[in-house]
Amino acid sequence: MTTTMITTPGLADVTTGIRYALRSAADWTDAARLVADELRGRLPDIAVLTPEQRLGDPDKPTGHLLHAEPDGSFSVTAVVWRPGQATRIHDHITWCVVGVLQGVEHEELFDADLNPVGVNDNRPGEVTGFAPPGDIHRIVNSGTETAISLHVYGTDLSRVGSSARRYYEPANAEN
């Protein structure tokens, strides 16, 4: 079987750094930390997306798969969030690292019982990472401009389709 690499021009430095980080990762938590460290110095600007891609969708956050590593070890996706757009509360199938390129992403964190445990307002240039378990969250573009973020997941999204493992519908949280 032949695997075709999906990649976007302008990401060579990013993907090289991710490969380097993953060579020494002992587990998912370690992978998220090491990839976040690499990404902090390598975040591209929003020109990694076409002007049309940067518009987003008026109805929901829009993801653009920019790279899928041929061996399935990671994918790079850009997500475009118009003001007010949000995800449902969810967790993930693998580790994830997010770098904000534009705008502000407001992240709400939850424990296993869906009790709120924290919030982060991630701004351009900020990079965060996490690994299951303990990765239940929701992202909201709480700003007045379109937000754009780069997401690195420890799987091939061109094969699995989504990084979300589970969605939550708590009675005590807005959805």
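Author: Start with pairing: two strands pair if DSSP finds at least two bridges between them. One example is His-67, whose bridge partner in strand 2 is Val-76. This is a predicted model.

Reader: What makes strand 1 and strand 2 a pair?

Author: Pairing needs at least two bridges. Strand 1 and strand 2 have six, in the antiparallel sense. Therefore they count as paired. Six residues lie between these strands in their hairpin, and Gly-72 there takes a positive phi near 80 degrees.

Reader: How do you know that strand 2 also pairs with strand 9?

Author: Apply the cut-off of at least two bridges again. Seven bridges join strand 2 (residues 75–81) to strand 9 (residues 147–153), so the two strands pair. They run antiparallel. Opposite Thr-77 stands His-151.

Reader: Why are strand 1 and strand 7 called edge strands?

Author: Look at the order of the five strands in this open sheet: 1-2-9-4-7, with antiparallel pairing. Strand 1 (62–68) and strand 7 (127–130) each pair on one side only, and they are the edge strands. From one strand to the next, the twist averages 20 degrees.

Reader: What packs on the sheet?

Author: Helix 2 (residues 28–40) does, touching strand 4 (96–102), strand 7 and strand 9. Its direction makes about 20 degrees with that of strand 4.

Reader: Why is strand 2 called largely enclosed?

Author: A residue is buried if its relative accessible area is under 20%. Seven of the seven residues of strand 2 are buried, so the rest of the structure largely encloses this strand. Both faces are covered. One side has Ser-75, Thr-77, Val-79 and Trp-81. The other has Val-76, Ala-78 and Val-80.

Reader: How do you know that the length of helix 1 is close to the one expected?

Author: Helix 1 (residues 12–23) has 12 residues.

Reader: What puts the buried residues on the same side of helix 1?

Author: The buried ones are Val-14, Thr-15, Gly-17, Ile-18 and Ala-21. They cover an arc of only 160 degrees around the axis, so they lie on the same side of helix 1. The buried residues of helix 1 pack against helix 2, strand 1, strand 2 and strand 9.

Reader: Which residues are exposed on the other side of helix 1?

Author: Ala-12 and Arg-23 are. Exposed means over 50% relative accessible area.

How values were computed: Residues numbered from 1 in each chain as written. Predicted model: local features only at pLDDT ≥ 70, side-chain atom pairs only at ≥ 80, totals over all residues. Heavy atoms only, no water. Helix = DSSP H or I, 4+ residues; strand = E, 2+ residues; numbered from the N terminus. Axes fitted to C-alpha atoms, helices over the stretch in contact; angles between N-to-C directions. Contact = heavy atoms within 4.5 Å. Buried < 20%, exposed > 50% of the residue type's maximum accessible area, 1.4 Å probe, protein only. Expected span 1.5 Å × (residues − 1). Arc of directions from axis to C-beta.
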